[in-house]
Amino acid sequence: MPVRMFDVIVVGTGAGGGTAMKVLCEAGLSVCAINSGPRTDPAKDYRQHRQVYDLKYRGYGNPLRLKGKAHQEPYSVEESEYSEGRDLFEHDVAYSNAPGTDWYWKRCKATGGKANFWGRSSARIGDIDFKAADLDGFGENWPVDYAEIAQWFTKAERYMGVASTVQNRPSNPDGEYLPQIPWRCIDYIIQKGAEKIGLPYLPDRCAQLTVAHNGHPACHYCGNCTRGCDVGAFFNPTWFTIPEAEATKNLTLLTNALVRSVIVDQDGTAKGVAYVDRSTRREVEVYARVVVLAASCVETAHIMLNSKSRHWPTGIANSSGQLGRNLCDHLYANPGYGYLPRLLGQPATPDNIADSTVGWMPRWQNLKNPHEEKFIRGYAVYIGGGCGDFPWYYNQIEGFGAEYKRNIKRYYPTPISSYIQAPTLPSPTNYVDIDPDKKDIFGIPQLRFHFQWGPNELLMWEHCKQMMSDLFKAMGAEMWGLDSEPNRPGTSLHETGVCRMGANPKTSVTNKWAQTHDVPNLYICDASVFPTQTDKTTTMPLVAFAMRTCDYIAENFKRGVHRRA
Ligand SMILES: Cc1cc2nc3c(=O)[nH]c(=O)nc-3n(C[C@H](O)[C@H](O)[C@H](O)COP(=O)(O)OP(=O)(O)OC[C@H]3O[C@@H](n4cnc5c(N)ncnc54)[C@H](O)[C@@H]3O)c2cc1C
Ligand code: SF4
């Protein structure tokens with residue numbers, strides 16, 4: 001069989017991989033994008049406009065659907081009967097948790113990945129994050145600073161379309177924004193309460209199109225974004241990057257192809273990848289001059305750790321021993337939910353408009369002095385509310401029959417709830433490795449997680465509970481309750497760090513361009529290269545870094561550093 005050689009292989013088609021394939025295809029390079037699951041079809045896979053009574057299992061899905069699968073838990077909000085129809089989520093590839101670890105690894109294997117269903121919060125990272133080690137003396141700085149990266153954030157925001165306002169916050173550099181998502185009555189009430197106790201409540205930075213943008217329509221506020229947007233009114237690869245890469249005619253897209261390893265040449269450089277064709281279970285090899293891994297953070301490390309050869313006995317590009325290390329996450333938990341009595345009995349309006357965050361509380365701790373609080377760095381809080389389609393507070397209200405239903409309606413516009421987003425610090429005990437004993441059904445050695453919450457993020461959690469108690473009082477809200485403990489690690493879907501970038505090849509996996517120190521034709525385009533977690537979400541930053549890395553790759557082809565196929 002003649003062997004086709006590509007300029008670049010991109011593994012993964014989500015936020016990072018989709019961006020990589022678009023930039024590289026538009027630069028005129030031949031790209032083979034490889035995706036582990038099926039192609040997402042918005043017409044069939046996004047069913048957000050249906051009502052639960054239209055669905056056979058009332059939104060919960062077929063209870064026997066995951067019987068016999070390696071990973072049998074459904075994946076919270078994004079996986080329900082609304083999106084499960086064509087097997088979009090990964091339940092066949094098993095993973096392990098080391099004793100004492102309870103990592104919840106949620107994966108979307110369809111093209112576009114988790115970015116089909118993401119929450120869209122999109123803040124810039126600043127020098128307070130890039131240079132945090134200089135400020136508080138803990139860990140390592142990033143090998144870049146804000147002055148260098150700002151233009152890429154601008155590029156990413158211009159492309160994705162991010163709605164917000166200029167806020168002049170020391171922890172949150174401002175960007176270029178579409179008009180903010182309109183505020184609701186509850187947002188003004190929350191803001192007034194927050195102001196009373198000196199806390200910020202401001203429009204979130206949300207990659208949701210409040211006006212038509214780059215050929216995509218404006219949002220019509222149907223409010224079910226985490227089931228996928230059937231008109232493409234928020235940034236996601238299915239509507240944005242994948243069709244744009246295809247339009248160049250430089251893209252070959254392979255689906256249902258689960259990459260197991262990077263294969264190497266005589267000299268240890270990347271030659272291509274080996275994948276398992278899910279339909280035939282055959283192993284296939286594809287070749288390229290450059291390989292870009294964007295399989296979503298820990299899966300990128302999984303592929304690299306499984307890429308063992310005589311050159312790379314502990315996994316490709318792992319001469320530093322840092323591959324799989326420095327796993328960070330966001331501690332997520334609800335530090336307070338309740339209701340606003342002053343809204344009781346008000347008419348219900350469909351104001352759960354973004355199905356996500358309209359406003360947020362950007363980091364307000366340790367801004368003047370990095371050691372002001374008992375913890376270092378800081379966290380953010382998201383506050384939700386409005387009339388959602390299901391009254392989640394039903395179990396907070398006592399009663400029975402018609403009276404109970406009347407009460408549910410009376411409370412409809414009143415509930416509010418909050419979420420802390422607290423970054424973990426890198427720790428030598430938080431990492432992924434390969435389980436020495438277990439393989440998945442395709443014969444691929446499984447990834448194993450080792451992870452515990454650390455004292456710093458647990459102090460943030462305690463602090464936040466007190467802050468929310470104060471805020472509820474200041475808003476005149478009644479608190480129904482709060483989480484007794486943090487959500488399981490992995491819940492946030494914002495993991496970072498397992499292939500960290502750095503200037504020193506002895507202590508990092510890639511350089512500041514996300515090019516591995518050891519293997520110059522192997523690059524990474526996901527959040528695994530972020531050396532630390534911050535109080536911000538990861539997707540817009542990883543799109544910005546992927547744009548920068550791929551411009552660098554294209555430049556390297558032009559300069560002859562990489563030869564064309
Ligand atoms: C409900 C929800 C809410 C979220 N909210 C936010 C938010 O508000 N802000 C934010 O910044 N982020 C949010 N996220 C996280 C966001 O979705 C991720 O940060 C982002 O999608 C990561 O991009 P990625 O390209 O690394 O991974 P993904 O988008 O998951 O894409 C990974 C791709 O790699 C493919 N792949 C994986 N393994 C292999 C393999 N072995 N071989 C071949 N292909 C492979 C997958 O099929 C997939 O296409 C949210 C996610 C969800 C689901
Ligand atoms: S609220 Fe807007 S972005 Fe979300 S699914 Fe509806 S139209 Fe799409």
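1. Three strands make an open, mixed sheet, ordered β3-β15-β14. Strands here are DSSP E runs of at least two residues, and helices are H or I runs of at least four, numbered from the N terminus. Two strands pair if DSSP finds at least two bridges between them. β3 (96-97) and β14 (431-439) are the edge strands; each has a single partner, so one side of each lacks a neighbour in the sheet.

2. β3 runs parallel to β15 (residues 445-450), with 2 bridges between them. Asn97 has Phe449 of β15 as its bridge partner.

3. A note on basis. This is a predicted model: local features need pLDDT of at least 70, side-chain atom pairs need 80 or more, and totals for chains, interfaces and linings use all residues. Residues are numbered from 1 along each chain, chains are lettered from A and ligands numbered from 1 as written, and side-chain values use heavy atoms, without hydrogens or water.

4. Ligand 1 has 39 residues around it; Gly16, Asn35, Gly119, Glu299 and Thr539 come nearest. The cut-off is a heavy atom within 4 Å. The shell holds 17 nonpolar, 16 polar (Gly counts here) and 6 charged residues. β6 (257-264) is among the elements supplying at least two shell residues. The largest share, 3 residues, is from β6.

5. Polar contacts are N or O pairs within 3.5 Å. A side-chain N or O atom of Glu299 lies 2.8 Å from a nitrogen atom of ligand 1. The protein covers 94% of the ligand's own 990 Å² of accessible area (Shrake-Rupley, 1.4 Å probe).

Methods:
Polar contact = N/O pair within 3.5 Å; in protein donor to acceptor, adjacent residues only side chain to side chain.
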